[in-house]
Amino acid sequence: MTRTTALDPLFTVVNTAVLTDRHLANLAAGTLAAVRVPGFLDAQTCRAALRVLDRLPTAEYDPDRVANRIVRFGPALNDYRDDAGALDAQRYWHDAEAARELWHRAGVRPDPIAISLARLGEVWGAAVSPAAIGGRAVFGGTVREINTGALIHYDDLNREFPTGLFDQEIVAQLAFNAWVAVPEEGGATTVWRHRWEPADEEHRDAYGYGPETVAHCQRVSLRPEIGDGLLFNPAHFHAVEPNAGGRRVAFAFFLGLTTTGQLIAWS
């Protein structure tokens with residue numbers, strides 16, 4: 001922080017070996033910055049996942065939209081918005097089905113996504129369901145390698161698709177990451193106590209925003225360790241700092257809390 005400001009005592013990071021439904025509820029309500037669960041994935045799962053990744057075809061984001069190199073496997077819904085702000089359904093479902101087939105063929109065992117969703121469902125007290133569009137389950141669970149950092153940005157499906165997208169109505173969105181490789185230095189995730197407001201568009205930078213957008217905002221930073229699980233509310237602006245040696249590989253998806261109290265997942 002660059003000047004003295006009053007701090008929100010609730011905007012903190014909880015490190016816990018025992019994730020609870022209260023943690024998820026507080027994140028959804030915006031009264032917690034992040035929850036980190038050390039050892040969410042065990043060492044064997046992380047090693048097995050890294051070995052399989054070499055068998056999955058990866059691609060970079062569109063360089064016109066994302067200038068810094070981020071490699072990923074699996075389609076993300078916000079990359080399939082058309083000029084009118086609706087889903088380019090034909091292209092999305094083609095890529096989603098292809099990704100499912102490639103994931104199945106790669107034989108990711110143990111499956112970090114399945115393990116994570118099952119554990120989160122146990123915590124919530126009900127299984128996590130896939131988000132659905134027209135009764136059809138969307139793809140859930142990307143793999144991302146971010147070594148050169150990610151710009152300050154936010155994720156909010158209700159803003160990205162303001163006329164609605166899923167069969168289920170969501171009232172809050174959470175982001176989940178589990179790391180299977182981490183760099184020697186760098187690679188920290190920073191979350192700011194700031195949500196989008198119209199004035200922020202003055203500082204738009206490609207898909208993200210310039211640092212002046214959050215210059216005076218409270219923040220927390222977390223450097224991942226192998227096997228860590230991290231949950232935060234992505235409506236808060238967040239970013240990833242560049243690595244200083246090594247790889248930063250995470251399995252990731254979004255969770256949505258629906259109007260009926262259900263958790264759903266998508267990428």
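Predicted model: local features only at pLDDT ≥ 70, side-chain atom pairs only at ≥ 80, totals over all residues.

Reader: OK, so is A206 buried, exposed or partly exposed?

Author: A206 counts as partly exposed, at 45% relative accessibility. Its phi is near 55°, a positive value in a residue other than glycine.

Reader: Where is A206?

Author: In the loop between strand 12 (204–205) and strand 13. Helices (H or I, at least four residues) and strands (E, at least two) are DSSP runs here, numbered from the N terminus.

Reader: Switching to helix 4. What does it span?

Author: Helix 4 covers residues 112–124, 13 residues in total, and reaches 18 Å from its first C-alpha to its last, close to the 18 Å expected at 1.5 Å a residue. The expected span is 1.5 Å times one less than the number of residues.

Reader: Which residues of helix 4 are buried?

Author: P112, I113, S116, L120, G121 and V123. Looking down the axis of helix 4, the buried residues fall within an arc of 160°, so they line one face of the helix. That arc is taken from the directions from the helix axis to the C-beta atoms.

Reader: And what covers the buried residues of helix 4?

Author: The cover includes helix 1 (21–29), helix 2 (43–53), helix 3 (89–106), strand 10 (170–181), strand 15 (229–232) and strand 17 (249–258). Contact means heavy atoms within 4.5 Å.

Reader: What's going on at the start of helix 4?

Author: A side-chain oxygen of D111 reaches to within 2.9 Å of the backbone nitrogen of I113. A polar contact is a pair of N or O atoms within 3.5 Å; within protein, one must be able to donate a hydrogen and the other to accept it, and residues adjacent in sequence count only if both atoms are side-chain atoms. Also, R109 and P110 are joined by a cis peptide bond, with omega about -5°, and P110 sits in the loop between helix 3 and helix 4. After helix 4 comes G125, with a positive phi near 95°.

Reader: Now the aromatics. How many pairs are there?

Author: Twelve aromatic pairs, counting rings of Phe, Tyr and Trp (its six-membered ring) with centres within 6.5 Å; planes under 30 degrees apart are stacked, over 60 edge-to-face and the rest tilted. In one of them, F176 and F253 have ring centres 4.9 Å apart and planes at 25°, so the pair is stacked. F176 lies in strand 10 and F253 in strand 17, so the pair ties together parts that are 77 residues apart in sequence.

Reader: Which rings form a cluster?

Author: F73, W103, F139 and F251, linked by ring pairs.

Reader: Last one: what does the side chain of R36 reach?

Author: The backbone oxygen of R223, at 2.9 Å. R36 lies in strand 2 (residues 34–37) and is buried, with a relative accessible area of 18%.

Conventions:
Residues numbered from 1 in each chain as written. Heavy atoms only, no water. Buried < 20%, exposed > 50% of the residue type's maximum accessible area, 1.4 Å probe, protein only.
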